[in-house]
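Here are a few exercises to work through with the model open beside you. Try each one before you read its solution.

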Amino acid sequence: MIRLFREEGSSLFVLAIESSCDETAVAIYQGELINGRGRIVAERVASQIATHAPFGGVVPEIASREHLAALPPMVDALLGEADLAWQGLDAIAVTAGPGLMGALLVGVSYAKAAGMAHGIPVIPVHHMEGHLLAPGITGDLPAFPFITLLVSGGHTMLVRVDGIGQYHVIGQTLDDAAGECFDKSARLLGLAYPGGPEISRLAAFGDAARFDLPRPMLNKDNLNFSFSGLKTAVMYTVRNAGNLTKDMRCDLAASIEIAVVDVLVKKSLCACHQENVTHLVVAGGVAANRHLRRQLEGEAAGREITVHLPDLRYCTDNAAMIAYAAFQYCWSDIHGPVDWDANPRWRLVDINKS
Amino acid sequence: MTSSQQPPPRNILALDTAHSLVAACLLTGSDVYHAGAGAEKPRSISLASTLTSLLEKAGLQWHDLDAFAFGCGPGSFTGLRIGAATLAGLNSGLNRPMLHISSLAITAAQADTSDAITVIEDARAGEAFIACHQAGKALRPDRCLPWQEVAAMPSAAYASHTEPAIDLPAWQRLPLQLSRDQALARTVGHAAGQITDWQALPRYPQPAYLQPSQAERNAHV
Amino acid sequence: MRWLPEVPPDRTRPVTEKRLHSEAETVAFAEEFAHTLKPGDVVAMHGDLGAGKSVFCRAVMRALGVKDEAMPSPTFAIIQEYEGKDCRVAHMDWYRLTGGDELDAIGVRDYMQPPWICLIEWPGRAPELLDASTRHVKLACVDDDLEVRRVEVLTTWPKQA
């Protein structure tokens, strides 16, 4: 493991690699050992969204090929930009899961080999843990405990964060994720992939009151979500309409967006109330949704809840959050597993179990 | 830089993971060290340590390596990527030349014959990877063909890791005499001898998939 | 050689074909269907987006003894695993997959034998991985009523609608 020298002025350089889905991302974080804070020295992201768009979703084999082609030159360019040699790095952090197996294997195999060649420890990071801690990259993490609403194409969950490595899932989707609901609704509306941004774009011109879509689980006395029924309601609306006019598309998009956002906002605030927590972090790709950000901030203000929104670029997949999470492990002297490999179904509750 | 200024590499680390089995060897000019001839699956967890043990056997450090050789396929997509990502990681910072070796050429070398030999490996989706080699030389570029086209070819002696997906009457299947790591060492040794300008070789390993992914095929239907 | 009847049965004909008038009827049918499954069975689920494949799968899993409250969609993770009663259940979505090699990488074949019962949505992405023992369930909306579904249980791939 990494030897720590908690002297003034000493810092750790962490190189991070993220390749769990459709973004190849690398970053170098310089963390100060005196106070656990730091900064991103350099970062790069290669998005594959355009590559996958014609297929209506991320295609794992194509994603894996792109990761392999992109990653090694990206790391070289990143080190060049940061003016660092491998010898100047103290740790390599890599997303070990969850995600697409073939995609994860590219990052993990590369990281392990580079770590071995240069004698640098390699730290496996849980992709979701990166998202949970993302506000710390550019600012200060809220005081523990805080609640994170993690909402993306693959996940919708409410997590109580009690400390680094201490996460409790207090609510989750029982079926589809919120981002998946956007993607599938977009498919039903004949819109392009990814669906979230497309629906938001149309929603700006639409009348959200035109279609009364269900707010699943809103009145249930728990923190779970369900978006599968909303998708079915969209399908029924589309079938009933026959030929969708442009106006109807916009109105339906607005109705979908507000239905999803309503549920996310209400449940998140309810979670804070239930857990008696005053800080709420929103992370994941859907956290980039402007409507969600605005409504959350508006409703939280009256309840003395502070909403923490990571920079937009750190809402979607990135390596800065992986570097930051790994640095927090080093700084807190928490040791990760020794014997590990890429794990596409790594669960948040299994963090710190090797 | 020209080859006359640059001595040919002495220490070459070679890896092939195209067939779901790890084959690795280290050529040092005077000696050849082997590893992973067994049924070991290429997993990121074991691969790097397999290669480290090779270096230890030879008493070398990573920076003593002058070049890498990559069994670049065609073969299992995932296997190729684990091998490529591992070599890319090892070569990060070293920036050594990356010699690309056809994985079918290694199979041809396993048959250990001086006659021309066809290599046929199942490529799934109704296709086969096919190559033709003689004495370490490719007589034709590696290709990916539907099995029906393979069946329509004139019969010949062939080598393969798997049973062919179709009947190949009149074809003669030769046994694989050499282990894959032995064949890898022989193929790399032969290919290295043909290189005149090592500095012109790529630095990053690039798999030769020879097949688009299924989604790409569907998109073009 | 195995004895074959002179006139082979028409395997393309559905074993069962039924109109389901509500989600409750779909669930009831799925439960009934679940009782015919045993470890090692593979079920291929056919139908468009919103036809009710996931509703059907979740009902099958409940009937197989899966107790998890959350049964997240497998669209992103590709495979979700569950513990059933006397079996394990794998719920898969192959929508984003591109064929055999990739499926092998995630160990799909392991799920096609006991103790697993395997439910696959969008199986058409890698038909070569499914053998003749696969059960096929096709769900479709009907034109006259939004709530109604037509379900067919087949022993072969359904014809393209």
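**Exercise 1.** Find the strand order of the open five-stranded sheet in chain A, and work out which strands stand at its edges.

*Solution.* Step one: the order is β8-β7-β6-β9-β10 (chain A), with mixed pairing. Strands here are DSSP runs of E with at least two residues, helices are runs of H or I with at least four, and both are numbered from the N terminus; two strands pair if DSSP finds at least two bridges between them. Step two: β8 (166-172) and β10 (306-308) of chain A each have a single partner strand, so one side of each is left without a neighbour in the sheet. Step three: from one strand to the next, the twist averages 25°.

Before going on, a note on the model. It is predicted, so local features need pLDDT of at least 70 and side-chain atom pairs count only at pLDDT 80 or more, while totals for chains, interfaces and linings use all residues. Residues are numbered from 1 along each chain as its sequence is written, and chains are lettered from A and ligands numbered from 1 in the order in which they are written.

**Exercise 2.** Describe how β7(A) pairs with β8(A), then find the helix that lies across them.

*Solution.* Start with the pairing: β7 (residues 156-163) of chain A runs antiparallel to β8(A), over six bridges. Within it, Val161(A) has Tyr167(A) of β8(A) as its bridge partner. Now look for the helix: α8 (residues 246-275) of chain A lies across β6 (146-151), β7, β8 and β9 (279-283) of chain A, at about 155° to β6(A). Such angles run from 0 to 180 degrees between N-to-C directions, with axes fitted to C-alpha atoms, for helices over the stretch in contact.

**Exercise 3.** Characterise the packing of α5(A) against α6(A).

*Solution.* Two packed helices are described by the angle between their axes and the distance between the axes. For α5 (residues 178-188) and α6 (residues 195-203) of chain A, the angle is about 70° and the axes are 7 Å apart. That makes α5(A) roughly perpendicular to α6(A) (65 to 115 degrees). Next, list the contact residues (C-beta atoms, placed from the backbone, within 7 Å): among them are Phe182(A) and Arg187(A) of α5(A), and Glu198(A) and Ile199(A) of α6(A).

**Exercise 4.** Which helix gives the largest share of the side of chain A that touches chain C?

*Solution.* The contact takes 29 residues from chain A and 19 residues from chain C. Elements giving two or more residues to the chain A side are α2 (60-82), α3 (101-118), α5 and α7 (228-241) of chain A. The largest share, six residues, comes from α7(A).

Note on methods. Contact = placed C-beta atoms within 7 Å. Parallel < 35°, antiparallel > 145°, perpendicular 65-115°, else oblique.
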